[in-house]
Amino acid sequence: MSQKFKDATIPSIPTKARISRWFGRNMLRIYMFFGFTYLFIPVAYTFAFSFNDSGKSNLIWKGFTLSNWQNPCGAPEVCNALGNSIKIGFLATLFSTILGTMIAFAIGRYKFKGRSGSNLLIFLPMATPEIVLGASLLSLFLVFKINPGFWPTVFAHVTFCISFVVVTVKARIASLDPRLEQAAMDLYANEFETFRRVTLPLVAPGIAGAALLAFSLSFDDFIITNFNSGTLITFPKFVYISAARGIPAQANAIGSAMFFLALAIVIAIQLVNRKKAR
Amino acid sequence: MKIGKARVPYLLLLPGFAFLFTFFILPIINLAQTSTQTPVAGGDTGEYEQSFAFSNYINAFIDNREQFGRSFLYATLATIFALAIAYPLAYAIAFKSGKFKNILLVLVVAPFFTSFLLRTVAWKQILGEEGFVVPTLRSLHVISEQTTLTSTAFAVVAGMTYNFLPFMTLPLYASLERIDPRTIEASGDLYANGLTTFRRVTVPLSMPGVVAGTLLTFIPAAGDYVNAAILGSPNTKMIGNVIESRYFKIVDYPTAAALSFTLMAAILILVTLYIRKAGTEELV
């Protein structure tokens, strides 16, 4: 009798223990779930409201439509701003990648007087708040009577992108196995050939990564752009200006498209790397 | 030949450093000059002359000490929250994700492929009056009818926490990932339990990531004005908002320059102190 009684009550205790053990074991997973949900809420919101049949102000859900995706230039200012952002991003990426890669090779490959000073000069723009960078450039342009606009914005973007390019490419150079270059030299390649056929191909993924980083920094920049672009409207600036009265749903469509494009690029890079690793 | 070789690094540096000199060093020097100027007597708005008025700094600071305090308070809070959110996330990805590691890492960065401003505006609308959060919380009586989530300090700090999260997560992940699993095994072999191992081995070894992550979050957060402009109210203005309006609305360049310099100096001092403390007491 007493045996039976025990059997009836005991199962409730292990269940509790099992639940708490399950929580203990999966705590990090649960945490990750909430963490990622938090990260993706605004992205999902932006994506969802890109299908909103909203008219001018995209604040309240009014009905489903594909027209924002079919006709992303339906709000012409959005496309104009996007075009400016792409042009600026492209030029800033080109210049900063070239200049930054050269600096990275100098610092990563040579011992010379002033090397630590050079490192400091690279670090400083990254440690300076954007608003100070933007304000200081604007006051320089004002002194030289240069009107803020397209090229001042490009130069401003190159300024803050260079440091990130240097850091990224330098890390790649530092991870190279020096024996590969020695082997090339042993096989009678001269310095230039070694650089062109061994060093550069090995560093290339780092340079490509740096260029992608520079483009995304430039494309997404608002503060420095706001100071130096004058009447020119870039995509982030457009969103900022129209935030008060609600941004047109076409901007959501473009923002979401950028998200999927970038995601596709990153996944493609991962797949290529995995293939190479095999 | 030897002399030629010694020149190579300098030739490589020349174009980039010439650029940085023109568009970074020169502007900073110019900003320093602007910061001590005063208006030209009888001149137009926006016309200033050099008069070494260092009192600009004192006036600018006294007039805006509230906004300065707020900037550093909000940036500190956002940094702490970001660390609290990002550390377990980075830890889980580095140690518990197995073959999903790369995918999860991409997912951490992916939200930031959507424009920073679009995401901030999205938060404004999600937390705003027309969003679904506020009516739900009101009907559950969690918040009162008058309480709003946007236009508050809470919204500004939350926005900054969200926006600077990858700058915290990625360095943390990088330093956690580099930890040799044998050090953790060794700690277990020496009878440390999970918590002790975490506290005495994992955390100290991840300190470089913590330092890098907190700096990369704190510096942009302290100078930010976008979150305060979109998610805040006039009562949550930060120093960045003041600098911006001094430039564009009031055309008071000297004050804006003095404020910029004060901000930069304050950040540099704090960062130096922080690195020194983290470097001597926790890193070694």
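**Cysteines, chain interface and selected contacts in the predicted model**

Cys161(A) is buried, with a relative accessible area of 0%. The model is a predicted one. Cys73(A) presents another picture: its relative accessible area is 41%, and the residue is partly exposed. Cys73(A) is bonded to Cys79(A) in a disulfide. The two sulfur atoms lie 1.9 Å apart. This pair counts as a disulfide because the cut-off is 2.5 Å between cysteine sulfur atoms. The torsion about the S-S bond is about -80°, so the disulfide of Cys73(A) and Cys79(A) is left-handed. Over all chains, the structure holds 1 disulfide.

The interface between the two chains was examined next. On the chain B side, 73 residues are in contact with chain A. On the chain A side, 71 residues take part. The size of an interface is often given as the accessible area lost when the parts come together. Here chain B and chain A bury about 6,800 Å² between them. Carbon and sulfur atoms account for 80% of that area. Between chain B and chain A, the count of salt bridges is 0. Polar contacts are found, however: 12 residue pairs join chain B and chain A in this way, counting pairs with both residues at pLDDT 80 or more. Helix H1 of chain B, residues 2-34, supplies the largest share of the side that touches chain A, namely 22 residues. By type, the residues on this side of chain B divide into 54 nonpolar, 12 polar and 7 charged.

Tyr45(A) illustrates contact between the chains. The residue belongs to helix H2 of chain A, residues 12-48. Tyr45(A) counts as buried because its relative accessibility of 10% is under the 20% cut-off. With Gln125(B), the side chain of Tyr45(A) makes a polar contact of 2.9 Å. Tyr45(A) and Asn252(A) are 207 residues apart in sequence. In space, their C-alpha atoms are 9.2 Å apart.

Arg70(B) and Glu66(B) are 4 residues apart in helix H3 of chain B, residues 65-96, and are separated by about one helical turn. The two partners contrast in accessibility. Arg70(B) counts as buried, at 15% relative accessibility. Glu66(B), at 55%, counts as exposed.

Another salt bridge joins Glu177(B) and Lys101(B), whose closest N and O atoms are 3.3 Å apart. Glu177(B) lies in helix H8 of chain B, residues 165-177, and Lys101(B) in helix H4 of chain B, residues 101-109, so the pair ties together parts that are 76 residues apart in sequence. Glu177(B) is partly exposed, with a relative accessibility of 39%. Lys101(B) also counts as partly exposed, because its 21% falls between the cut-offs of 20% and 50%. A further salt bridge brings together the side chains of Asp252(B) and Arg246(B), at 2.9 Å from N to O. Asp252(B) is buried, with a relative accessible area of 14%.

Gln37(B) was considered for its surroundings. The residue sits in strand E1 of chain B, residues 37-39. Gln37(B) counts as buried, at 18% relative accessibility. Residues up to four places away in sequence are left out of its contacts. Those that remain are Tyr48(B), Glu49(B), Gln50(B), Ser51(B), Asn56(B) and Pro254(B).

Backbone torsions gave two further entries. Tyr188(A) has a positive phi of about 70°, although it is not a glycine. The residue is placed in the loop of chain A between helix H8 (178-186) and helix H9 (191-220). Tyr188(A) is exposed, with a relative accessible area of 76%. In Phe52(B), likewise not a glycine, phi is positive and near 50°. Phe52(B) lies in the chain B loop between strand E2 (48-50) and helix H2 (55-63). With a relative accessible area of 58%, Phe52(B) is exposed.

Conventions. Residues are numbered from 1 along each chain as its sequence is written. Chains are lettered from A and ligands numbered from 1 in the order in which they are written. Side-chain values use heavy atoms; hydrogens and water are left out. Buried means under 20% relative accessible area, exposed over 50%, partly exposed in between (1.4 Å probe, protein chains only). Contact means heavy atoms within 4.5 Å. Buried area is the accessible area (1.4 Å probe) that two parts lose on being put together, summed over both. A salt bridge is a side-chain nitrogen of Lys or Arg within 4 Å of a carboxyl oxygen of Asp or Glu. A polar contact is a pair of N or O atoms within 3.5 Å; within protein, one must be able to donate a hydrogen and the other to accept it, and residues adjacent in sequence count only if both atoms are side-chain atoms. Helices (H or I, at least four residues) and strands (E, at least two) are DSSP runs, numbered from the N terminus. Ala, Val, Leu, Ile, Met, Phe, Trp, Tyr, Cys and Pro count as nonpolar, Asp, Glu, Lys and Arg as charged, and the others, Gly among them, as polar.
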